[in-house]
Amino acid sequence: MSRFIPLERSTLYSPAWLIPYDDFARRVRAAGVSVQLDRYDDGEWLPLDDMAVRTPGAAFAYPGLGRCAEPWAARPRRHRARFAADGHQPLYPADGRPFSAALVGVEFLVHPYDDAHPPTVVTEPRLVRLLPSVSFRYPPGLRTVHGAVVDAATGAPIPNALVEAGGHTSRDLTPWHERTLSDPAGAFRLALRWEGEKADEHAVEETFHLQATERPGRSGSLVVRLPQDTERRHVIEIRES
């Protein structure tokens, strides 16, 4: 008579479910994205070798991260995930949260657990928006404006600043929103796919209002008029507000 030995079952949880989203194409990005995991130890971020698993739903997850022998004796630890994709820069604050250029990863707590003591915190999937960078390959003929984000007092470039423009189309008042991030040298290139403000329906000139933000209370703005300002280098000065 054969003897069947029951297999031990091990439950794996992921403390993060991160879905890369191409902000320009308005769709989840399924390929060409890499993630680096870091852990905060003794006042500094240390890179880890843990590899993310890509789920069928296109999320990056870390099943088993936090699993240990005695979870009741361990404490939650800070981790962050840093994204990279050719021609893109990641926008790390979650939707609806204040922007800060100092945020360089998606931060989350990893709670210790084992099979008998699952994590008490429920993890919700969240989008990580990938914005077009200066090197983004826009379709031929698409209208863009370029320039730099600098400190108004010192003239120093401000990297990773959020540059955006928005408005409504004149015919059906459909809202539109374009955004990008400045590179390490403060340079930016922003697409303007939609119609700007016009004096009347027959006017050729379109007006766009650009806004750059370093963090809450530190921002700057600029008015761009097209087509005459198309080739101009636009400098947005950041100051306290």
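This briefing walks through the pockets, the cavity and a few strands and residues of the structure above. The model is predicted.

**The largest pocket**

- Strand 9 is the top contributor to the largest pocket, with five residues.
- Sorted by class, the lining of the largest pocket comes out as 16 nonpolar, three polar and three charged residues.

**The second largest pocket**

- Strand 12 (162-168) and strand 15 (206-215) each put at least two residues into the lining of the second largest pocket.
- Strand 12 gives the most here, with four residues.

**The cavity**

- The largest cavity has about 60 Å³ of space.
- Its lining is made up of Asp-23, Phe-24, Arg-26, Pro-132, Tyr-138, His-177, Glu-178, Arg-179, Ala-191 and Arg-193.
- Strand 13 provides the largest share of the cavity lining, three residues.
- By class, the cavity lining counts four nonpolar, one polar and five charged residues.

**His-177 and its surroundings**

- You'll find His-177 in strand 13, which covers residues 175-181, and His-177 is also one of the residues lining the largest cavity.
- Is His-177 buried, exposed or partly exposed? His-177 has a relative accessible area of 34%, so it counts as partly exposed, given that buried means under 20% and exposed over 50%.
- Leaving aside residues up to four places away in sequence, His-177 touches Arg-26, Glu-164, Ala-165 and Gly-166.
- With Glu-164, the side chain of His-177 makes a polar contact of 2.8 Å.
- For a sense of distance, look at Leu-48: it lies 129 residues from His-177 in sequence and 36 Å away in space, C-alpha to C-alpha.

**Strand 12 and its partners**

- Strand 12 pairs with strand 13 in the antiparallel sense, over seven bridges.
- One of the residue pairings here is Gly-167 with Trp-176 of strand 13, its bridge partner.
- These two strands form a hairpin, with six residues between them. In the turn, Leu-173 has a positive phi of about 60 degrees.
- Strand 12 is also joined to strand 15, by four bridges, and that pair runs antiparallel.
- Glu-164 is the residue that stands opposite Gln-211 in strand 15, and Glu-164 is also the partner of His-177 in the 2.8 Å polar contact.

**Arg-80**

- Arg-80 has its place in strand 7, residues 77-85.
- Why does Arg-80 count as buried? Its relative accessibility is 13%, and the cut-off for buried is under 20%.
- The side chains of Arg-80 and Asp-38 are joined by a polar contact of 2.8 Å.
- Setting aside residues up to four places away in sequence, Arg-80 touches Gln-36, Leu-37, Asp-38, Trp-45, Val-104, Val-106, Glu-107 and Phe-108.

**Strand 10 and its partners**

- Strand 10 (residues 126-132) has five of its seven residues buried, so it is largely enclosed by the rest of the structure.
- Strand 1 pairs with strand 10 in the parallel sense, over five bridges.
- In this pairing, Pro-20 stands opposite Val-128 of strand 10.
- Strand 8 (residues 88-91) is joined to strand 10 by four bridges, and these two run antiparallel.
- Leu-91 is found opposite Arg-129 in strand 10.

Methods
Residues numbered from 1 in each chain as written. Predicted model: local features only at pLDDT ≥ 70, side-chain atom pairs only at ≥ 80, totals over all residues. Heavy atoms only, no water. Nonpolar A, V, L, I, M, F, W, Y, C, P; charged D, E, K, R; others polar. Buried < 20%, exposed > 50% of the residue type's maximum accessible area, 1.4 Å probe, protein only. Contact = heavy atoms within 4.5 Å. Polar contact = N/O pair within 3.5 Å; in protein donor to acceptor, adjacent residues only side chain to side chain. Pairing = 2+ DSSP bridges. 1 Å grid on protein atoms, 1.4 Å probe; cavity = no way out; pocket = protein on both sides within 12 Å on 5 of 7 lines; lining within 4 Å. Points joined across faces, edges and corners; volume = space filled by probe spheres on them.
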